[in-house]
Amino acid sequence: MTDVTASPKAGGQDYAHGISFNEALLVWLRVAILSFGGPAGQIAVMHRILVEEKNWISEGRFLHALNYCMLLPGPEAQQLATYIGWLLHRTVGGIVAGGLFILPGVIAIMGLSYIYAAYGNVGFVEALFFGLKAAVLAIVIQAVVRVGKRALGNTIMIAIAAIAFIAIFFFGAPFPLIIIAAGLIGFVGARLGRPEFAAVEHGGKSTAAIDSMLGGAVPDHVRANPSRTLRVAAVWLTLWLVPVFALIVGLGSDDVFSQIAIFFSKMAMVTFGGAYAVLAYVAQQAANYYHWVSPREMLDGLGMAETTPGPLIMVVQFVGFMAAFRESSGLSPMLVGTLGGLLATWVTFMPCFLWIFVGAPYIEALRGNKALSGALTAITAAVVGVILNLSIWFALHTLFRHTVPIQDFGFSFDAPVLTSVDLPALALSVAAATAIFRFNVGMLVVLAASCITGVLLRAAGAI
């Protein structure tokens with residue numbers, strides 16, 4: 001374990017946490033490489049490295065940032081990395097943390113898109129990540145247990161988490177509705193003085209680097225400043241929207257590049273609840289409306305995104321690639337496909353930086369408000385239920401080859417086909433969980449061993 005003892009003072013533009021930018025760069029690269037398993041797995045990785053191992057941020061502030069990111073459209077794990085990177089090293093830290101978080105996925109999905117467009121089969125490459133998925137499942141479960149222990153300190157919080165899980169998993173309740181309801185309950189409970197809604201404590205570590213830095217004079221970049229907010233918003237809106245308008249003006253609204261820019265820009269503003277909540281919408285529009293990909297190709301793209309590092313929403317790069325690849329108009333299809341994939345990625349993730357750099361200073365300023373802290377405490381409990389939902393979703397699609405939708409009597413969920421259980425995945429997941437929970441084996445060792453096992457199983461014809 002590497003604990004950082006931070007200076008209690010932060011004057012002007014000076015850092016007080018003692019964490020060098022180069023050290024943070026290596027850690028963010030490590031987080032990016034290990035960001036498998038969808039949002040639940042990615043949050044688990046960040047929690048383990050930043051809270052448990054490095055002690056860079058306390059449990060309370062980590063959950064406070066996560067609550068805000070869960071409220072935003074877009075991939076919450078990538079936004080959480082951007083938020084913490086911004087706390088550590090200002091805007092450049094946020095850009096590096098958020099950018100590195102998606103970089104391995106950009107490279108992996110682009111490479112797989114080339115293979116898919118040329119040969120139509122990436123089965124062996126997906127099998128390469130088989131072992132990693134099983135190990136990540138164990139890491140995800142560990143994260144739910146750890147975060148749950150700290151966030152669910154009383155029966156009311158447990159009840160909120162349970163209701164949130166039941167509502168979203170079994171009944172398909174809209175994610176924003178769950179969060180708003182939890183926030184209102186917490187707000188009212190705190191205003192009534194109920195102790196159950198007190199802010200989540202920082203846990204056992206009171207010397208976390210960021211918290212020690214912010215415990216004294218607050219650095220300038222963390223302070224809410226309306227004039228700076230307008231400047232920041234102008235910069236990121238320009239980076240996001242100017243390319244979109246330039247394509248529309250230069251190529252026309254019916255051109256495939258303009259359609260990619262418009263569609264994924266709209267998607268970036270409505271993807272509340274993370275990737276799982278929007279993948280069905282993207283699949284429907286891409287396959288049935290725009291005819292960029294077939295339903296089967298969309299499933300193959302989702303398989304790429306699930307088995308490579310980075311947010312699941314990285315599937316948009318595959319969709320953008322295939323859309324432009326098929327509309328190359330005499331140019332090199334691979335080159336045009338590459339540009340289409342990068343364009344889809346740009347307009348999808350650029351708004352994520354906008355939401356964080358504009359809103360994070362105000363979210364930090366709200367930490368001292370008891371009523372709002374109560375609302376966020378209740379949201380924290382609901383988020384535990386949501387993470388549990390994501391974990392079970394990931395488990396179902398890791399351990400079973402087939403699921404069936406249940407849509408009767410108000411229920412709306414996927415049930416596993418028990419006869420389709422993937423025995424090698426189940427055995428490897430149990431082994432990984434045993435290593436983590438029973439023998440406390442390190443995450444990197446478990447991931448490496450699982451990956452090697454997956455390759456050996458493929459060579460033996462077991463998967």
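**Close-up views of a predicted model**

N440 is exposed, with a relative accessible area of 58%. This residue opens the set of legends below, and the model shown in each of them is predicted.

**View 1. N440 in the loop between α17 and α18.** The loop that holds N440 runs between α17 (423-438) and α18 (443-459). N440 counts as exposed because its relative accessible area of 58% is over the 50% cut-off. Its backbone is also of note: N440 is not a glycine, yet phi is positive, at about 55°. Most residues other than glycine have a negative phi.

View 2. With 79% relative accessibility, F409 is exposed. F411 is partly exposed, at 32% relative accessible area; this value falls between the limits of 20% and 50%, so the residue is neither buried nor exposed. The phi angle of F409 is positive, near 55°, in a residue other than glycine.

**View 3. A nonpolar patch on the surface.** Four residues make up this patch: I166, F171, F409 and F411. Together they have about 440 Å² of accessible area. I166 and F171 complete the patch.

**View 4. The crossing of helices α4 and α14.** Helix α4 covers residues 76-119, and helix α14 covers residues 315-325. Their axes come within 9 Å and cross at roughly 40°. The two helices are therefore oblique to each other. The crossing in which α4 passes α14 is right-handed.

**View 5. The salt bridge between R30 and E53.** The count of salt bridges in the model comes to five, and one of them joins the side chains of R30 and E53, at 2.9 Å from N to O. R30 lies in helix α1 (residues 21-33) and E53 in helix α2 (residues 38-53), so this pair ties together parts that are 23 residues apart in sequence. Both ends are partly exposed: R30 has 22% relative accessibility, and E53 has a relative accessible area of 24%.

**View 6. The salt bridge between R194 and E196.** In this pair the closest N and O atoms are 2.8 Å apart. R194 is partly exposed, with a relative accessible area of 43%. E196, by contrast, is buried, with a relative accessible area of 17%; the value is under the 20% cut-off, which is why the residue counts as buried.

**View 7. The salt bridge between R326 and E297.** The side chains of R326 and E297 meet at 2.4 Å, N to O. R326 lies in the loop between α14 and α15 (333-365), while E297 lies in helix α13 (residues 295-306), so the pair ties together parts that are 29 residues apart in sequence. R326 is partly exposed, its relative accessible area being 40%. E297 is buried, at 13% relative accessibility.

Definitions and conventions: Residues numbered from 1 in each chain as written. Predicted model: local features only at pLDDT ≥ 70, side-chain atom pairs only at ≥ 80, totals over all residues. Heavy atoms only, no water. Patch = residues over 30% accessible without salt bridge, like charges linked within 9 Å, V, L, I, M, F, W, Y side chains within 5 Å. Areas by Shrake-Rupley, 256 points an atom, 1.4 Å probe, with all protein chains shown as cover. Buried < 20%, exposed > 50% of the residue type's maximum accessible area, 1.4 Å probe, protein only. Axes fitted to C-alpha atoms, helices over the stretch in contact; angles between N-to-C directions. Helix = DSSP H or I, 4+ residues; strand = E, 2+ residues; numbered from the N terminus. Parallel < 35°, antiparallel > 145°, perpendicular 65-115°, else oblique. Left-handed = near helix turned anticlockwise from the far one by under 90°.
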